[in-house]
Amino acid sequence: MDVPEQKVSILLVDDRAENLLALEAVLSSPKYHLVCAHSGEEALKYVLKQDFAAILLDVQMPGLNGFETAKLIKAREKSRHIPILFITAISQEAEHVFHGYSVGAIDYIFKPFQPEALQKKVEEFVRIYQNHERMLLKGERELEEVHQKLDRVTFDLRKSEALARVISETLKDTIVTFDEQGYVLSANDAVESMFGYSAEELIGELFNTLLPELKQENPCLLASNLIETIAVRRNNSMFPVEAQLGDASIEEQTIYVCSIRDITERKQLEEGRKQKLRNDLYLSQERFRIIFESSPCLISILSLEDGRYMDVNPGWLEITGYEYDEVAGKAFDILPMTAASDEEATEGDSLDLRRPVHNVKISYVTKSDEKREGLLSTKILDIEGETCVLCFITDITERVRLENEMIRLDRLNLIGEMAAGIAHEIRNPMTTVRGFLQLSNHSPQNPLQYIDLMLNELDRANAIITEFLTLAKNKVNDKQVQDLNAIIESLFPLIQAEALLSDKYISLELGECTHFAMDEKEIRQMILNLALNGLEAMTAGGRLSIKTHTEQQRVVLEIHDEGTGIKPELIQKIGTPFFTTKETGTGLGLAICYSVADRHHAEIEVKTDHTGTIFFVRFKM
C-alpha cells in the first residue's frame, strides 16, 4: 500500500535573514514545510525535535559554522542519513569543498545559484527521502507481521505443548514412542496403570516387551493401521489391545508413535453378545423344531437347486402315508401337486417352487393314490449356505368336503324355497283360469266374456317363468365391447317418463368410462330394475341420481334414491329370489340384477340409511 503524500520538512540554515527569504522564495511549494534557523545552534535544536528531508546549510556563520554543525548532525544516529547541501559565496577552492564533503555534505552550491538548479536538487533529495520513508515503513510493517506470526506460532506451540501434556496425563490409552531399532524413547503416565511399568522404567527398553506379537513386523507396514493384538503386563499376564502406529521424521531420523488401548471390556461385551446370539439362535431353532414336529400341517424343506426333499415333519408323513426313509433325498415329484382353479395359477398347472406363494389352493396325491386338497405357502431361505424352499401345506380336504355338502344342502334349500315361491306365484293365475273355465262349463251360452281375463292371467304366469329363467347362470349371452354411458342415455327417456308420471326427478352424471364387453339386453334390464326400484322407493318430489365413473381400474355404476332406506334386518335378504316387500312384486327383480352382475364379473354393493339408498355396481376390466 502506498504511503499517503504528506508535506516534507526542509531545514534552511543561514545567519542572514535576507538569504533565508531568498531560499524560501525559491523553494516555496505546497509539498514542502520550510523551517528556518539563524544559527548552527538553532539548527541543532530543530534536528533534535523533528526529522528533515534535506538541510540547506550556510558555511560561514558566527558561533558554530556550517562544517561544525554538519559534523554534529552526522554524529547523531537518527539524523546521520539527512542529506546536507552547503551554500556559500566565499571560497570555491577544492580543499575547501573537499572539507565540506568530508563532514557529510551531499552537494556544494555556490552563490549566486540558479533557482531552477536548486529546486531540481532539492526535489531529488525529497524524492530520495520519500522513497527511504516508504521503504522504512514497509520494512516496519513486514517486521510487525513477522513478529505477529512469530507470536501466533509461539502461542500455538505453547498451546500444543500444554494440550499434549494434558492429553498425555489424562488419556487412558498408553502412548509410546520408539526409534527404528525398537527402543522406547518416551511413554505417558497411562502405561503404569495399563502395564505396571513406570514411564522412566520403559525408556531404553525394547518396544516388543509390551506387544510381543509385533516383534517380527516392520513398523512401517503397520503405520496408520488399526490392529488387534495381545499385550503383556509386567506380571506376565496377557490382555487384548487395539494398537495404532504412526511415524514422523525428525532430522532424518524416523520416530514411531504407538497408541495402545485396552479392549478387555469390549471383548467381554462382544463375547456376551455372541453368547446371547448363540442362545437366541438355539432357542429359535428349538422353537422351530417343536413347531416343525408338532404342527398338523404338512411342512417340508426342499433344495431349490435339484428339488430333492431335505426334511419333512411327522404331519407330512402321517397324511401322505410315506415313511421318512422313502422321502429323504427323493425328488419333489414324489408327492404330485397341481394348482387348483384360482388367481395364482391355472387349474392343473404344475407349481414353480422358485416363486414364493401364499395360500394357493392345490390338489396333491398321497402314497395310496388318494387325492386331497390343500393350501400351499412357500418361502425361499438359505440353510447352511444352500438355497432351500420351506413349504407349508394346510390340508383342507375335510373342509372342502363339508363346504361342498353345505353348498349342496343350500341348493336343496334354495330349490325348496324357489319351488314354493313358483308354486305360490303360478297357482294364483292358474286358480283364476280354472275358476273361469268351470264357470264357462256351467254357463256355456256366453263363454267369450271370460277369455281376456284368462289370457291376462296366463300371461302373468308366463312372465314369472321368464323372469325365473333369467336367473340361470348358464344362460347364453351375447357380449360385445360397448359404452355403458350410451346404454344409460338410451334408457333415460323411458326412466324420465316413468318419473314424471309420479312427480319425481331424474339426474345423470356420466363420467368417462372404459368400454368393456357386455350383453346389452341384460345390462339394460339391470339398469331398469334398479332405477324403477329407486323410483318406487321415493315419495313425490324425490330425485333419482344415476352416475358413472372409473375407480381403481373398474367402471362403477351408481344409482342413488332419496327414499327412506332399507331396514337393517332386510339387507341380508336382498337378491334372494321371490323375496319382496311390495304388495304386487314378484321378488325376482333384484335377484335378476345380481345374476346379471355375476355373469359380467361385477360386484353389487348397497349403502343405505334414512336419507336414501345407493346401489354400486363395479365392473372389472
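**Figure 1. Overview of the predicted model.** Residues 24 or more positions apart account for 53% of the contacts in the protein with a separation of 6 or more. The model is predicted. Its secondary structure consists of 17 helices and 23 strands. Of the 621 residues, 36% count as buried.

Figure 2. Asp58 belongs to strand E3, which covers residues 54-58. The unreviewed UniProt entry places the feature "modified residue: 4-aspartylphosphate" at this residue, Asp58. Asp58 has a relative accessibility of 7% and therefore counts as buried, the cut-off being under 20%. With neighbours within four places in sequence left aside, the contacts of Asp58 are Val13, Asp14, Asp15, Gly66, Ile87, Thr88 and Lys111.

**Figure 3. Gln60 in the loop between E3 and H3.** Gln60 is located in the loop that runs between strand E3 and helix H3. Its relative accessibility is 40%, so Gln60 counts as partly exposed. The C-alpha atoms of Gln60 and Ile87 are 9.1 Å apart in space, while the two residues are 27 residues apart in sequence. Ile87 is also one of the residues in contact with Asp58.

**Figure 4. Packing of helices H2 and H3.** Helix H2 (residues 40-49) packs against helix H3 (residues 66-75) at an angle of about 20 degrees, and their axes are 10 Å apart. H2 is therefore roughly parallel to H3, as the angle falls under the limit of 35 degrees. The crossing of H2 past H3 is right-handed. On the H2 side the contact is made by Gly40, Ala43, Leu44 and Val47, and on the H3 side by Thr69, Leu72 and Ile73.

**Figure 5. Thr320 in helix H10.** Thr320 is part of helix H10, which spans residues 314-320. It counts as buried because its relative accessibility is 2%. The Thr320 side chain reaches the backbone oxygen of Trp316 at 2.7 Å. Leaving aside neighbours within four places in sequence, Thr320 is in contact with Leu298, Leu335, Thr366 and Lys367.

**Figure 6. Packing of helices H14 and H15.** The axes of H14 (residues 484-501) and H15 are 10 Å apart, and the two helices pack at an angle of about 35 degrees. Their crossing is right-handed. H14 contributes Leu484, Ile487, Ile488, Ser490, Leu491, Leu494, Ile495, Glu498 and Ala499 to the contact. These meet Glu520, Ile523, Arg524, Ile527, Leu528, Ala531, Leu532 and Leu535 of H15.

Figure 7. Asp503 lies in the loop between H14 and strand E18 (505-510). Its phi is near 60 degrees, a positive value in a residue other than glycine. With a relative accessibility of 45%, Asp503 counts as partly exposed.

**Figure 8. Crossing of helices H15 and H17.** The axes of H15 (residues 520-537) and H17 (residues 589-599) come within 9 Å and cross at roughly 140 degrees. H15 and H17 are therefore oblique to each other, since only angles over 145 degrees count as roughly antiparallel. The crossing of this pair, H15 and H17, is left-handed. From H15, the residues in contact are Glu522, Ile523, Gln525, Met526, Asn529, Leu530 and Asn533. Their partners in H17 are Gly589, Leu590, Ile592, Cys593, Val596, Ala597 and Arg599. Ile523 of H15 meets residues of H17 and also residues of H14.

**Figure 9. His601 in the loop between H17 and E22.** His601 is placed in the loop between H17 and strand E22 (602-609). It has a positive phi of about 55 degrees although it is not a glycine. The relative accessible area of His601 is 56%, so this residue is exposed.

**Figure 10. Thr613 in strand E23.** Thr613 lies in strand E23, made up of residues 612-620. It is buried, with a relative accessible area of 4%. A polar contact of 2.9 Å joins the side chain of Thr613 to that of Thr608. Not counting residues up to four places away in sequence, Thr613 touches Ile559, His560, Asp561, Gly565, Ile566, Val606, Lys607 and Thr608.

Technical notes
Residues are numbered from 1 along each chain as its sequence is written. This is a predicted model: local features need pLDDT of at least 70, side-chain atom pairs count only at pLDDT 80 or more; totals for chains, interfaces and linings use all residues. Side-chain values use heavy atoms; hydrogens and water are left out. UniProt positions are given in the numbering used here, feature names are shortened, and annotations may be inferred rather than shown by experiment. Helices (H or I, at least four residues) and strands (E, at least two) are DSSP runs, numbered from the N terminus. Buried means under 20% relative accessible area, exposed over 50%, partly exposed in between (1.4 Å probe, protein chains only). Contact means heavy atoms within 4.5 Å. A polar contact is a pair of N or O atoms within 3.5 Å; within protein, one must be able to donate a hydrogen and the other to accept it, and residues adjacent in sequence count only if both atoms are side-chain atoms. Axes are lines fitted to C-alpha atoms, for helices over the stretch in contact, and angles run from 0 to 180 degrees between N-to-C directions. Angles under 35 degrees count as roughly parallel, over 145 as roughly antiparallel, 65 to 115 as roughly perpendicular and the rest as oblique. A crossing is left-handed if the near helix is turned anticlockwise from the far one by less than a right angle, and right-handed if clockwise.
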